[in-house]
Amino acid sequence: MSKINWVYHENYDIPLKLNHRFTSSKFSDLFYELKKTVLYKNAIITQPKKANIIDLSISHSVDYINKIKNGLLNYKEERKLGLTWSKRLSERSFLAVNGTLLASKLAISNGIGCHLGGGTHHSHYDYGSGFCVFNDLAYSALKLIESKIVKKILIFDCDVHQGDGTARILSKCDDIFTCSIHCKKNFPLIKAQSNLDIELENDLGNFDYLNKIKKSIAFCVNHFKPDFVLYDAGIDIHKLDELGKFNIDDDGCLERDLIVLSYLKNLSIPVATVIGGGYSKDKKDLAKRHSIIFKAANHVFS
Ligand SMILES: [Zn+2]
């Protein structure tokens with residue numbers, strides 16, 4: 001049985017006021033949820049180190065990085081981000097962005113790498129948005145291309161919301177193909193242009209959704225021929241998600257992840273997974289939903 005690489009840091013949680021839409025403990029909740037399962041025994045866990053300003057400037061303006069580092073966001077900027085600045089938020093943002101890069105490197109060596117964080121795809125070059133401080137997907141992809149570890153990267157974003165920040169940061173990068181499969185009538189109001197946007201209607205159920213996923217992953221891989229894939233397994237597609245508008249149940253979520261991962265494994269294309277969005281007042285349910293991608297990774301790769 002092959003072991004699966006997980007990337008996690010105990011400082012990932014974000015201190016927030018009670019009743020905030022974003023579950024502040026979702027990262028440690030997920031870790032403890034996974035710890036209870038058989039998957040944990042089959043995992044190798046690695047901790048990321050904080051990204052530095054020079055590294056991060058590949059995807060963000062130095063001015064914005066310094067605002068996050070030093071707590072200099074103004075009221076409007078903090079509102080757009082949707083999170084209150086704190087030293088903890090700043091520190092975890094510099095950690096988590098490197099967590100996706102680390103999971104990517106582990107994936108390239110081992111076929112699969114799973115991050116217990118990441119998917120902050122609404123973060124733009126010089127501002128944060130929709131609970132996303134730094135864009136781990138754009139950052140990791142640009143760092144990998146720069147280091148020549150891989151030549152062509154597909155970012156396959158299945159969060160229910162469009163990966164607008166990723167699309168804009170990478171709009172001029174021919175080595176990275178961005179595909180976002182999202183709900184049309186959902187945040188962000190003004191959409192960016194990914195290399196491929198699949199816009200879906202509200203209330204979509206398992207059957208139609210999974211068909212779209214099958215066709216889209218095959219199209220992206222055949223058309224672009226990536227040698228590495230970053231997969232945003234956002235769980236806000238779930239029918240009980242507070243911000244999602246689809247009608248996908250637990251089985252549909254698992255099936256989606258199995259479709260994507262087995263397709264890539266069959267072609268020997270390494271894939272790193274990030275957890276993406278997921279919103280619920282029930283912390284246990286949310287942790288369970290976020291654990292689905294780890295179940296799928298174990299099923300396909302171990
Ligand atoms: Zn989302």
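1. Let's start with Lys 67, which sits in helix α3, residues 62-70 (helices, H or I, at least four residues, and strands, E, at least two, are DSSP runs numbered from the N terminus). At 18% relative accessibility, Lys 67 counts as buried (buried is under 20% relative accessible area, exposed over 50%, partly exposed in between, with a 1.4 Å probe and protein chains only). Leaving aside residues up to four places away in sequence, Lys 67 touches Leu 72, Leu 73, Glu 77 and Trp 85 (contact means heavy atoms within 4.5 Å).

2. A word on the ground rules. This is a predicted model, where local features need pLDDT of at least 70 and side-chain atom pairs count only at pLDDT 80 or more, while totals for chains, interfaces and linings use all residues. Residues are numbered from 1 along each chain as its sequence is written, and side-chain values use heavy atoms, with hydrogens and water left out.

3. On to the metal. The zinc ion has Asp 159 (OD), His 161 (ND1) and Asp 236 (OD) as its protein donors, at 1.9 to 2.1 Å. Donors here are N, O and S atoms within 2.8 Å of the metal (3.2 Å for Na, K and Ca), and water is not among the atoms, so sites may look incomplete. Along the chain the spacing reads D-x1-H-x74-D. Asp 159 and His 161 are both buried.

4. Overall fold: the protein has 11 helices and 8 strands. Its radius of gyration is 17 Å, close to the 19 Å from the globule rule for 302 residues, so the protein is as compact as a globular protein of that length (the radius is taken over C-alpha atoms; the rule is 2.2 Å times the number of residues to the power 0.38). The C-alpha atoms fill a box of roughly 45 × 40 × 40 Å along the principal axes.

5. Of the contacts between residues at least 6 apart in sequence, 74% join residues at least 24 apart.

6. Helix α1 (residues 26-35) deserves a look: 8 of its 10 residues are buried, so the helix is largely enclosed by the rest of the structure. Among the buried ones are Lys 26, Asp 29 and Glu 33, along with Phe 27 and Phe 31. The buried residues of α1 pack against β1 (4-7), β2 (43-46), α5 (87-110), α10 (283-290) and α11 (292-301).
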